[in-house]
Amino acid sequence: MSKLDKAALGEPDTTAPSAPDDAFLSVRDLRIHFDTDDGLVKSVDGVSFDVRKGKTLGIVGESGSGKSVTSLGVMGLHRSARAKVTGEVWLDGQELIAADPDEVRRLRGRKMAMIFQDPLSAMHPYYTVGQQIVEAYRVHHDVSKKAARQRAVEMLDRVGIPEPAKRVDGYPHEFSGGMRQRAMIAMALVNNPELLIADEPTTALDVTVQAQILDLIRDLQKEFGSAVIMITHDLGVVAEMADDLLVMYGGRCVERGPAEDVFSEPRHPYTWGLLGSMPRLDREETDRLIPIKGAPPSLINLPSGCAFNPRCPYADIPKDNVTRTVRPELTEVGGSHWAACHMTQEQRERIWTEEIAPKL
Amino acid sequence: MSDDKTVSEPDTSGSTLTKDTTADGDVLLKVTGLQKHFPIRKGLLQRQTGAVRAVDGIDFEVRKGETLGVVGESGCGKSTMGRLITRLLEPTGGTVEFEGKDITHLGTSDLRPMRRDVQMIFQDPYSSLNPRHTIGTIVSAPFRLQGVQPEGGVKKEVQRLLSVVGLNPEHYNRYPHEFSGGQRQRIGIARALALNPKLVVADEPVSALDVSIQAQVVNLLDDLQDELGLTYVIIAHDLSVVRHVSDRIAVMYLGKIVELADRDKLYKSPMHPYSKALLSAVPIPDPKRRGVKSERILLKGDVPSPIAPPSGCRFHTRCWKATEICKTTEPPLVELRAGQRVACHHPENFEDQQPQDTTLLSSAKEVAADNGAAAPVEK
């Protein structure tokens, strides 16, 4: 890496959470940049988090906020010449970014696995569901085809597919959307991974099926004690699944903390905006939603200072135009609850309790 | 409604009045026994071997100035319904009346005057705009097709429309790819509004958009309804969005309307077990609720195939209250409570319609057992 690149990357994130020893996955100052013809796309620009075994981390954000790129980065799936990945990813005491790609490949699928949003494009249309699960199993286990097939049937049964012994020979297109998603979960879990990353696992599904799938993921997590990262734009889904929450905007984390605190006392205007944008069934009908004005920024040309400043209604509260010149760092606003905003704690507390919360 | 140029109907004066008298205001669109069966052909001779019964006998009406929400799972026929009432598809049975005129089987040229009054907003803002046309061309297409010459010229009118939907009128000459998803959806809305329609059918207007943009578009639709006195049929699968925008809501299951009710009645006390299950499945954005024993009803399996729908009540294969009669007799859609029509033999939150029939089907027992106390079985 040239000096210039290092300068562009800036100082390492000093506000990274101190690594608890029991974290199964620790991500430190992860940066993933893509060199394109239009310029450098800073998809992820300094993100740090921890996930413990048996716990679920929810990552929320709009499209282009870098949430999927983060998860692919953890899985080591950005190895193309164009992607520049820096930072540290510690999985069970082993660093992955600097590790040998072959080593990461051995871990992928066994220690960490991923559920994708669209099972129709994530599964191969030419092979039966069974063949694909068998392959995933035999890559990591030295067993006979017969034993692996037995395992595949067992997994399909476990994820609630009726008549698994018959469906194992079915092709992906013969499955309905919900069943396909179940089959993919079966494939991801066939090696009992200790880290499961679910990237918008229910976005393409109906609510009734979504409820089934979320239930399934929760049950399986309880059974296997895995760490789960749940990536979604649906705050309802994270509220239901996540123990901790990470809110991303423009490739950076703007708020992070225990899910209950982030929902009950959010401390970043963007989180307020997300909560206000969403019609809610558990509240009385409101007249109007409170949208965030404008649109998400381009990752090539992020606004200077706080990336959220052009859309933030409170950008002028901090003095000296600081929101437009200085990028705010994450600061602790409560027990392991962090937010990156220039407003003082008191200002944010006042705005939240007086202006935002009553309207939600 | 300032510029009704060519419309000669007397409704121009009434349009402002109807907004206040919508309670049981005039019926704008009336649908009776609407059916759409798509044939399945097989073999060398392409003989018809069956049909996908996408919409299978539905009745409802849309009143002037109101918003009717249509919800249901994918494959329940809600989009087909939207295409039938805009006559993008021709029904195989039943009638569609728009302003008292039967439009069920009108040909292309007879439909043209009606096309002006009924417009559609599509789900995918990427595929519903021609990438080779400028925004100006796209939004002015309705004027060209209908041969309408708006006051002050087409360009001025298009620019006015662009500013109505919150876009910069100077972007007249830009192409769709220069806009974001939310902006493209606004372009689609501007096009739909060009001819001052009376009815706008929106098929999943916000589901392709980000949360923050979703709220902008929902608010825009709201404002336009207030300003222009529009009538909406909004088809969506997101129950929280539907509640936010609708006055009345139709719940569809396998080509049928199972419940048609005023918004508050449906969300406070749904009567059809399917509506109840659907509502209970919506995740609530409040982590504090997680510890509390959820009242969620988990339905088993998937929606049955519309090629061979179950006999009797179509929901009986997944319902926890299903009895023998549900298997044999199809429940009619009847008004059990003022403003709430339900098609069910054993409705929730209301007295049983078939109290003599108490033996549950074995499938119902399974569902009930799975849900434990969540779905108590009344005996």
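This is a predicted model: local features need pLDDT of at least 70, side-chain atom pairs count only at pLDDT 80 or more; totals for chains, interfaces and linings use all residues.

I started with one pair: the side chains of Glu61(B) and Arg341(B) form a salt bridge, 3.2 Å from N to O. For that label I need a side-chain nitrogen of Lys or Arg within 4 Å of a carboxyl oxygen of Asp or Glu.

Residues are numbered from 1 along each chain as its sequence is written, chains are lettered from A and ligands numbered from 1 in the order written, and side-chain values use heavy atoms, leaving out hydrogens and water.

Next I looked up the domain bounds, which come from an automatic or database domain assignment. In chain B, domain 1 is 16-253 and domain 2 is 280-373. Their C-alpha centres lie 31 Å apart.

How many residues touch? I find 12 residues of domain 1 of chain B in contact (heavy atoms within 4.5 Å) with 11 residues of domain 2 of chain B.

Then I checked buried area, the accessible area (1.4 Å probe) that two parts lose on being put together, summed over both. The two domains of chain B bury about 990 Å² between them, with 55% of it on carbon and sulfur atoms. On the domain 1 side, Arg53(B), Glu73(B) and Tyr253(B) lose the most area to domain 2 of chain B, together 49% of what that side buries.
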